[in-house]
Amino acid sequence: APTPRGFASVLHQGLDGLPAAEVLAVPDDMPQQLGLTRALTPLRLRGMSAMLARIKRQVSERVAAAGS
């Protein structure tokens with residue numbers, strides 16, 4: 001589906017190469033802060049927020065594993 005791929009691309013472009021601490025510091029409501037509520041349905045916003053949450057969870061798990 002083009003919309004989720006687009007969201008993934010936006011997140012990739014914005015987060016790629018950032019240190020883990022900066023990725024984890026991205027606010028959970030980042031899509032809303034960008035003003036996307038005017039352009040996207042609530043379902044699409046939840047999808048983008050879920051992608052961000054998954055990325056942050058994976059980064060957090062890797063940081064924890066590296067610290068062990």
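Asp16 is exposed, with a relative accessible area of 55%; exposed means over 50% relative accessible area, buried under 20%, and partly exposed in between (1.4 Å probe, protein chains only). Asp16 lies in the loop between helix 1 and helix 2, where helices (H or I, at least four residues) and strands (E, at least two) are DSSP runs numbered from the N terminus. This is a predicted model, in which local features need pLDDT of at least 70 and side-chain atom pairs count only at pLDDT 80 or more, while totals for chains, interfaces and linings use all residues. Residues are numbered from 1 along each chain as its sequence is written, and side-chain values use heavy atoms, with hydrogens and water left out.

**Overall form**

- The protein chain has 4 helices and 0 strands, and its pattern along the sequence is α-α-α-α.
- The C-alpha trace spans about 40 × 25 × 20 Å along its principal axes.
- Of the 68 residues in the protein chain, 19% are buried.
- The accessible surface of the protein chain comes to about 4800 Å², as given by the Shrake-Rupley method with a 1.4 Å probe, where for residues only the protein chains shown count as cover. Carbon and sulfur atoms hold 57% of this surface.
- Among contacts (heavy atoms within 4.5 Å) between residues at least 6 apart in sequence, 67% join residues at least 24 apart.

**The nonpolar core**

- A nonpolar core is a set of buried Ala, Val, Leu, Ile, Met, Phe, Trp, Tyr and Cys residues joined through side-chain atoms within 4.5 Å.
- The largest such core has 9 residues, namely Phe7, Leu11, Leu15, Val23, Val26, Met30, Met48, Leu52 and Val59. Helix 1 and helix 4 are the elements that give two or more residues to this core.
- In soluble globular proteins, nonpolar side chains tend to be buried together.
- Leaving aside residues up to four places away in sequence, Phe7 touches Leu40, Arg44, Met48 and Met51.

**The largest pocket**

- On a 1 Å grid over the protein atoms alone, a pocket is an open set of points where a 1.4 Å probe fits, with protein on both sides within 12 Å along at least five of seven lines; lining residues have an atom within 4 Å of a point.
- The largest pocket has a volume of about 160 Å³, a volume being the space filled by probe spheres set on the points, which are joined across faces, edges and corners.
- Its lining consists of Ala8, Leu11, His12, Leu15, Asp16, Met51, Arg54, Ile55 and Gln58. Helix 1 (2-15) and helix 4 (42-67) are the elements that give two or more residues to this lining.
- By class, the lining has 5 nonpolar, 2 polar and 2 charged residues. Here Ala, Val, Leu, Ile, Met, Phe, Trp, Tyr, Cys and Pro count as nonpolar, Asp, Glu, Lys and Arg as charged, and the others, Gly among them, as polar.

**Individual residues**

- Lys56 is in helix 4 and counts as buried because its relative accessible area is 11%. Apart from residues up to four places away in sequence, Lys56 touches Val23, Leu24, Val26, Pro27 and Asp28.
- Ala20 is found in helix 2 (residues 20-25) and is partly exposed, at 30% relative accessibility. Not counting residues up to four places away in sequence, Ala20 touches Val59 and Val63.
- Ala20 and Leu36 are 16 residues apart in sequence, and their C-alpha atoms are 25 Å apart in space.
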